[in-house]
Each structure stands twice: as structure tokens, then as C-alpha cells.
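Subject: Structure for your attention

Dear colleague,

Please find the structure below, together with its sequence.

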Amino acid sequence: MAEAAPEPVWRVGESVPWSVAWSGEQAFRLQPSTLFPGMTEVGQAERPGVGRPLFAAVHVDRQRRGMAGHLCHVCGEPTPPHDRWIFPVASGGMVTMADGEERYGGNVPPVHQACAKRAQRQCPHLRKAMARPVACPADEGRLIWRTDVVPGMEALAKSLPAGVEVVFSCYRLYGAAFSRKVARLRREEEARQARRS
Ligand SMILES: [Zn+2]
């Protein structure tokens with residue numbers, strides 16, 4: 001009989017990004033939003049390291065806190081402006097504004113350069129996602145809430161009273177100059193993929 005592979009050792013900041021939710025954190029409540037006054041947000045129990053990491057699910061409080069405070073997605077510590085990197089080709093998306101202009105919206109907190117390199121070494125999935133880091137611009141853009149359901153929260157969303165707008169996550173909408181740069185990088189990546197296939 002084949003032996004089961006040993007359970008890997010999960011360490012937050014090394015083999016598990018800080019933002020990832022754990023199976024021991026699956027308790028939720030509604031609370032007034034501190035980030036978006038007047039709004040109600042989903043709050044989540046915080047017990048990182050308890051149970052198993054749920055790589056497909058992001059912890060809602062850590063995601064918002066990371067986005068607002070420029071906390072590193074991998075280690076959770078603040079990123080200083082000179083060491084603040086994002087991966088706008090692999091994550092987030094272009095948002096079409098009312099005037100038709102396209103802006104980049106990022107929904108993954110930034111990382112330290114050293115943390116990105118460590119994460120790439122530890123996790124084959126991150127090797128591609130964390131390729132070609134882009135330095136965050138001095139113009140931080142602005143934070144915008146999202147009330148659509150994030151993965152792993154579908155059951156909770158169904159339990160909410162109908163018509164109640166609840167903040168799940170947030171994203172950072174960048175300015176025109178940085179958005180043009182991201183749009184160009186995305187087109188270049190698309191062309192690269194097309195040549196490869
Ligand atoms: Zn870090």
C-alpha cells in the first residue's frame with residue numbers, strides 16, 4: 001500500500017502567505033467598517049496557524065488591512081515605499097471608468113522583494129504569479145470597497161438578509177499614469193503568451 005505523502009510543515013511568512021485563511025478561522029460576523037465608515041463589513045476570526053491553510057481563500061480582515069496599510073502579503077509587516085512591489089499582470093484587473101478611461105485595480109497586498117523571492121522558492125504556484133514584480137508608484141491611488149462575495153464565503157453570503165450591502169474585500173484603484181504602464185505590461189504578456197501557443 002502506498003504511503004500518504006507527509007503533511008508539509010506550514011509556516012506563515014514562509015510556506016504560507018500571511019493573507020491566506022486557515023481552516024481554524026472559519027467563523028464570521030458582521031461589524032461596522034473602520035476602513036469605510038458607515039459601511040458594514042464581514043469580520044473573520046483570526047487564528048492564523050490553526051488547522052490547515054486554505055490557499056484558495058484569503059482572510060477578509062487581513063486582505064483589507066494589508067491593502068490599506070501596505071502590509072506585505074507574504075509576511076504581514078509594513079512595506080516601506082522603496083520596497084513595495086506588486087504583480088499587476090498576474091493579479092487584479094483593469095477597471096473601466098465612467099469616462100471610458102481604463103484604470104488598474106489591485107486586490108492583492110504588496111510584498112517586500114525578499115519575501116517575493118522566498119515565496120517563489122517555496123511554492124511552485126507562486127513562481128509564475130510572482131514573476132516580474134512592478135514597483136508601486138508614489139501615487140497610492142485610492143481604496144474602494146467590494147461587496148461581491150469572495151471565494152469561500154458563498155454560504156455566509158446566502159445567510160445575509162436580502163438587499164444588505166456588506167463589504168467583503170477592497171481594492172486599490174491606481175492613477176492614470178501607473179494604469180497606462182500596467183495596461184502596456186498586460187498587452188506585452190498577452191503577446192508573449194500568443195507567441196508561445
Ligand atoms: Zn514581507
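What spacing do the donors of the zinc ion follow along the chain? The spacing is C-x2-C-x36-H-x2-C. The model is a predicted one, in which local features need pLDDT of at least 70 and side-chain atom pairs count only at pLDDT 80 or more, while totals for chains, interfaces and linings use all residues. Residues are numbered from 1 along each chain as its sequence is written, and side-chain values use heavy atoms, with hydrogens and water left out.

Zinc site

The protein donors (N, O and S atoms within 2.8 Å of the metal, or 3.2 Å for Na, K and Ca; water is not among the atoms, so sites may look incomplete) are Cys-72 (SG), Cys-75 (SG), His-112 (ND1) and Cys-115 (SG), at 2.1 to 2.4 Å from the zinc ion. Because the four donor atoms subtend angles of 102 to 116 degrees, the arrangement is tetrahedral (for four donors, all angles between 85 and 135 degrees). Cys-75 lies in the loop between helix 1 (60-69) and strand 5 (85-86), and His-112 in the loop between strand 7 (102-106) and helix 2 (113-122), so the pair ties together parts that are 37 residues apart in sequence. Helices (H or I, at least four residues) and strands (E, at least two) are DSSP runs, numbered from the N terminus.

His-112 counts as buried because its relative accessibility is 12%, whereas Cys-75, at 23%, counts as partly exposed. Buried means under 20% relative accessible area, exposed over 50%, and partly exposed in between (1.4 Å probe, protein chains only).

Nonpolar cores

A nonpolar core is a set of buried Ala, Val, Leu, Ile, Met, Phe, Trp, Tyr and Cys residues joined through side-chain atoms within 4.5 Å. The largest has eleven residues, among them the zinc donors Cys-72 and Cys-115, as well as Trp-85, Phe-87 and Val-111. Helix 2 gives the most to this core, with three residues. A second, separate core has eight residues, including Val-42, Met-153, Leu-160 and Val-166.

Leaving aside neighbours within four places in sequence, Val-111 is in contact (heavy atoms within 4.5 Å) with residues including Cys-72, Trp-85, Phe-87 and Met-130.

Helix 1

Helix 1 is mostly covered, with seven of its ten residues buried. Just after helix 1, His-70 takes a positive phi of about 55 degrees.

Yours sincerely

Definitions and conventions:
Four donors count as tetrahedral if all angles lie between 85 and 135 degrees; four count as square planar and six as octahedral if opposite donors are over 155 degrees apart and all others between 65 and 115; anything else is irregular.
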